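Please walk me through this structure.

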Amino acid sequence: VSRHVPLARRALFQDRRRASLAAGGVAAVLLLVLMLQGIFDGAMQQVTLYLRQSPADVIVSQADVRTMHMSVSTLPPETVDAVAGLDGVAWAEGIRYTTTIVARGERQQLSYVIGYDPVTGRGGPSRITSGQSPAHGEIIVEAVAADRLGVHIGDELSLFGQDFRLSGLFTGGTTIANSLAFITSDDFAAQRGPTIAYVLVGAGPGVPAGVLAERVARALPEETVQTRQRFADEEAALVKDMSADIMQLMALISFLIGLAVISLTLFTLTLSKLREHAIVKALGAPNRRLVTLVLHQAAWLVAMAVSLATVLAVGLGRLIGEVNPAITVAVEPSQVLRVAVATMVVGVLGAVLPLRRVTTVDPASAFRRAT
Amino acid sequence: MGDGRRLVGSVVSAGLAVMLILLLSGLWSGIREQTTLYTDHAGAALYVLQPGVRDLTAGTSVVPLDVLDRVRADPEVTWAAPVRSSYVILQLHDSKVAPYVVGAVPGQPGGVWSLAAGRVPMADDEIVPDRVLARRHGLGIGSSVELAGRRFRVVGLADHSAGFMVPFVFVTHAALDDVTGTKASTSFILIGTSHPTTVAARLQAAGLNVLTRQQVAANNLRLATGIYGAPLRLMVAIAVGAGTLIVALAGYTAIVERQREYGVIKALGGSGGRLIRLAFVQSLSLGSLALATGGLLFLAGRALIETVRPQFEIPLTGESFGTAALASLAMALVATALPARRLRSLEPALAFRAAG
């Protein structure tokens, strides 16, 4: 038997509809894994956006508080001056922060509300896309959140039981769960007291963030001091840890279904081609050749399923983004690779039953008349 | 359907897809039940929240403590208790957990509603985590936990308090005041009364934001639906799609491999429509078997999940079973539609050719 005859591919694709259904079935369950992971990864990108775009090199928070997401941090206001006076610090600025509802009538948006100094703008959004930064009694919200709330610049929004006038919009930071909103630090303090939540610290020229963080940490041993990168990593770890259980569960079920489908397809295919396998064996091909043939078929199925699932995940992600901009679906290449490797393992496991069947096929059966 | 192993393979594959639909639907029901855990158990008829705040899960309501005296002064208020609540990130075993921390005044309502072991927190350095969270991270009575830089001692384990992604943890009100750096205020006030309508009206007239237990529960649920609803519905839709393709694959394979028999029926005068009806019955049988198998797999899977990850509550509701049954029917319809053209154009002469 010539090694160049692509028996595996020909047998698999002889009935293209069956091959497509099998690949489609596996792809659908892989799509489930990719989409769920993509939603969490997208949320992670949005959750860390404020930090990634911050001009701060170092961030100070309450002892043992390492994140902003679902966190409460309280620092005395004088912490800002204590940091600002340190060697290597170019600037230090406190921000106030809480999680609460921003509402317009019956429409509500769960928001991380940040009180900052609009004059420096360091604690605010990286860019205001329309309108202007908030003055006393004003608020700025993310564009998707504004759309959800049905508000335009100049409209009133309810926050802390008070009315705030919408003065501007920015983009980025809205997830399916929450959004960002900014008011002036003084307005925040008037509602929630003088304490601050975090101190953003800028490094002087030539001072690496890590060195500055160590210096600030020595000066403030009671507080938590992290570089901006470290802080963003902690935020990402929180989203990852919170979603780990549900991800593992969905992945396990999906791969089990994938295993069953691949196994069923290869087994059915092997049974229907037993006579051909017997002929190959009668022509002198060793069992190794038949094993390779089945494994090739498994590889083809897996490759088709992973490719289809990836294309569908990217397409569906874009569609979801259009329909609901609050949901960001990030299909990362590393995640696709992980899914592909896991599916390949599943494919090999799915080939076990058919492999048993082809290795035990009697070459003489090739010459018996089928009934 | 011929080969028994192939039938088993088909039924198990489709059954797994049905199980996935049941699990996802059940998970969604569980999330909704867990969302109203606090309001279901706190025993209050009314809640006083900061103006503008309508639920407990969204976040930080701040109510001045002097409001408590005004509430207690109402003649029809049986009891009123302040409760502070906050999300606090815990670092346990190199992983981050975001519990909903509830701080109640010792001896007053609003704290632990069910204990699996130990006692409720009385001192400001005592903590009672949910028992599922505790087991997961090896915490027992006497263990030490760091909460925002403060050290707490576990004095009890709470039962029926494992929320989806967000478990409950209980401390004293004063302890949470200290952790959050907020004094002379509380998050919300619970009110016990036999006359909720009149009390609510009176307190609202006095300028307070008063909501009934049902309103707070509905708002909690609305918020949770907004967060989890869309992704879970998407997952269910994908699971239905996967199941449809799997049943279609199994049905199609069975039909293709039996086309000689179908040819015989056609040669004996059977119409294309009769063959399609036959194929539909076959697919429907497969769908029904898949539904039954999926139900059994769901029960086994749920038992396993609730043992390994008890924070996931997965009830089997009529709604989720209805979704799975409808999905099975849809699967059967699609599974028949795919080979329909092939069956209609089947040559009767096929029946008389030698197989090979």
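A:Arg165 is partly exposed, with a relative accessible area of 32%, whereas A:Glu138 is buried at 11%. Here buried means under 20% relative accessible area, exposed means over 50%, and partly exposed lies in between, with a 1.4 Å probe and protein chains only. The two residues form a salt bridge whose closest N and O atoms are 2.7 Å apart; a salt bridge is a side-chain nitrogen of Lys or Arg within 4 Å of a carboxyl oxygen of Asp or Glu. The pair links distant parts of the chain, 27 residues apart: A:Arg165 sits in strand β7 (residues 162-170) of chain A and A:Glu138 in strand β5 (residues 138-142) of chain A. Helices (H or I, at least four residues) and strands (E, at least two) are DSSP runs, numbered from the N terminus.

The model is predicted, so local features need pLDDT of at least 70 and side-chain atom pairs count only at pLDDT 80 or more, while totals for chains, interfaces and linings use all residues. Residues are numbered from 1 along each chain as its sequence is written, chains are lettered from A and ligands numbered from 1 in the order in which they are written, and side-chain values use heavy atoms, with hydrogens and water left out.

Over all chains there are 15 salt bridges by the rule given above. Another of them lies within chain B, where B:Glu126 pairs with B:Arg119 and the closest N and O atoms are 2.7 Å apart. B:Glu126 counts as buried at 5% relative accessibility, and B:Arg119 as partly exposed at 36%.

Which residues does the network of salt bridges with shared partners join? A:Arg230, A:Glu234 and B:Lys96 are its members. Within it, the closest N and O atoms of A:Glu234 and B:Lys96 are 2.2 Å apart.

Between chain A and chain B the count is one salt bridge. The contact itself involves 70 residues of chain A and 75 residues of chain B, where contact means heavy atoms within 4.5 Å. The size of an interface is often given as the accessible area lost when the parts come together. For chain A and chain B the buried area is about 5600 Å², with 67% of it on carbon and sulfur atoms; buried area is the accessible area (1.4 Å probe) that two parts lose on being put together, summed over both.

Next come the strands of chain A. Strand β1 (residues 58-61) of chain A pairs with β10(A) in the antiparallel sense over four bridges; two strands pair if DSSP finds at least two bridges between them. A:Val58 has A:Thr227 as its bridge partner in β10(A). In a regular strand the side chains alternate between the two faces of the sheet. Strand β10 (residues 224-227) of chain A is covered on both faces, with A:Thr224 and A:Gln226 buried on one side and A:Val225 and A:Thr227 buried on the other.

Most residues other than glycine have a negative phi, and most peptide bonds are trans. A:Asp64 has a positive phi of about 70° although it is not a glycine. This residue lies in the loop between β1 and α4 (79-84) of chain A and is partly exposed, with a relative accessible area of 25%. A:Phe160 also has a positive phi, near 55°. A:Phe160 is in the loop between β6 (156-159) and β7 of chain A, and at 6% relative accessibility it counts as buried.

In chain B, strand β8 (residues 126-129) and strand β10 (residues 150-154) pair in the parallel sense over two bridges, with B:Ile127 opposite B:Val154. Strand β9 (residues 144-147) of chain B pairs with β10(B) in the antiparallel sense over four bridges, and B:Val145 has B:Phe152 as its bridge partner. The hairpin of β9(B) and β10(B) has two residues between the strands, and B:Ala148 takes a positive phi near 50° there.
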